[in-house]
Amino acid sequence: MFRSMLVAAAVVVVGAPAHAQTSDELTSAAWSCRMTSLLDEPGMDANLAFNADGSLEGWFYVEVPDGGDVISLEFSILGSWTLDGAVISSAVTESEVLAGSHNGEPFTPEELAEMADGMGDALSSLSGESTIAYISPRALVLDEVEASISCWR
């Protein structure tokens with residue numbers, strides 16, 4: 001929280017040049033990220049690209065414990081993003097389930113299509129906000145209500 005307050009204070013003091021610098025750092029290359037839930041839910045690995053034209057591209061991998069089983073999913077998203085101070089607003093417009101397995105056994109094409117149908121509706125209308133707690137050319141920390149996201153290049 002202290003780090004978030006420092007970033008917010010820096011944004012207020014520096015103003016527009018800081019916003020431009022943050023935007024440049026955000027868009028200069030794709031990020032590899034680890035999302036950690038603050039609610040004891042499974043974490044997720046991701047690659048995120050905040051493109052300078054306002055488009056967003058992402059790839060995600062998650063393993064979800066289900067009783068004694070493990071379900072893994074790999075999916076991608078396309079969307080858009082904007083930056084207002086230290087707040088990134090994003091909206092997903094398209095998603096695709098790329099692969100998945102149950103206890104290491106790949107899903108059949110039919111099972112994968114069924115998962116894609118269920119996830120597609122939820123992901124294609126997803127939007128949200130993340131606050132930049134820290135950013136540098138090689139590191140990015142996003143602060144959310146239910147997760148912590150650490151990224152690197």
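Here is a chat about how to read a few features of this predicted model.

Me: Before we start, what kind of model is this, and how are residues numbered?
Reply: The model is predicted, so local features need pLDDT of at least 70, side-chain atom pairs count only at pLDDT 80 or more, and totals for chains, interfaces and linings use all residues. Residues are numbered from 1 along each chain as its sequence is written, and side-chain values use heavy atoms, with hydrogens and water left out.

Me: How many helices and strands are there in the protein chain?
Reply: Helices (H or I, at least four residues) and strands (E, at least two) are DSSP runs, numbered from the N terminus. The protein chain has 3 helices and 9 strands. Along the sequence they follow the pattern α-α-β-β-β-β-β-β-α-β-β-β.

Me: What share of the residues is buried?
Reply: Buried means under 20% relative accessible area, exposed means over 50%, and partly exposed is in between (1.4 Å probe, protein chains only). Of the 153 residues in the protein chain, 33% are buried.

Me: What is a disulfide, and which residues does one join here?
Reply: A disulfide is a covalent bond between the sulfur atoms of two cysteines. The rule used is a pair of cysteine sulfur atoms within 2.5 Å, and the count comes to 1 disulfide. Cys33 is joined to Cys151, S to S 2.1 Å. With 105 degrees about the S-S bond, the link is right-handed.

Me: Are these two cysteines, Cys33 and Cys151, buried or exposed?
Reply: Both Cys33 and Cys151 are buried. Cys33 counts as buried because its relative accessible area is 3%. Cys33 also has Leu140 at 8.6 Å, C-alpha to C-alpha, although the two are 107 residues apart in sequence.

Me: How many salt bridges does a search of the whole structure find?
Reply: Side chains of opposite charge can pair when their charged atoms come close. The cut-off for a salt bridge is a side-chain nitrogen of Lys or Arg within 4 Å of a carboxyl oxygen of Asp or Glu. The search finds 1 salt bridge. Arg34 pairs with Asp45, and their closest N and O atoms are 3.1 Å apart. Arg34 lies in strand 1 (residues 31-37) and Asp45 in strand 2 (residues 44-50), so the pair ties together parts that are 11 residues apart in sequence. Arg34 counts as partly exposed because its relative accessibility is 34%, and Asp45 is partly exposed too, at 30%.

Me: Which residues have a positive phi without being glycine?
Reply: Most residues other than glycine have a negative phi, and most peptide bonds are trans. Asp40 is not a glycine, yet has a positive phi of about 60 degrees. Asp40 lies in the loop between strand 1 and strand 2, and counts as exposed because its relative accessibility is 79%. Asn103 has a positive phi as well, near 55 degrees. You'll find Asn103 in the loop between strand 5 (87-102) and strand 6 (105-106). At 45% relative accessibility, Asn103 counts as partly exposed.

Me: Where does Glu110 lie, and is it buried or exposed?
Reply: Glu110 lies in helix 3 (residues 109-124). Its relative accessibility is 58%, so Glu110 counts as exposed.
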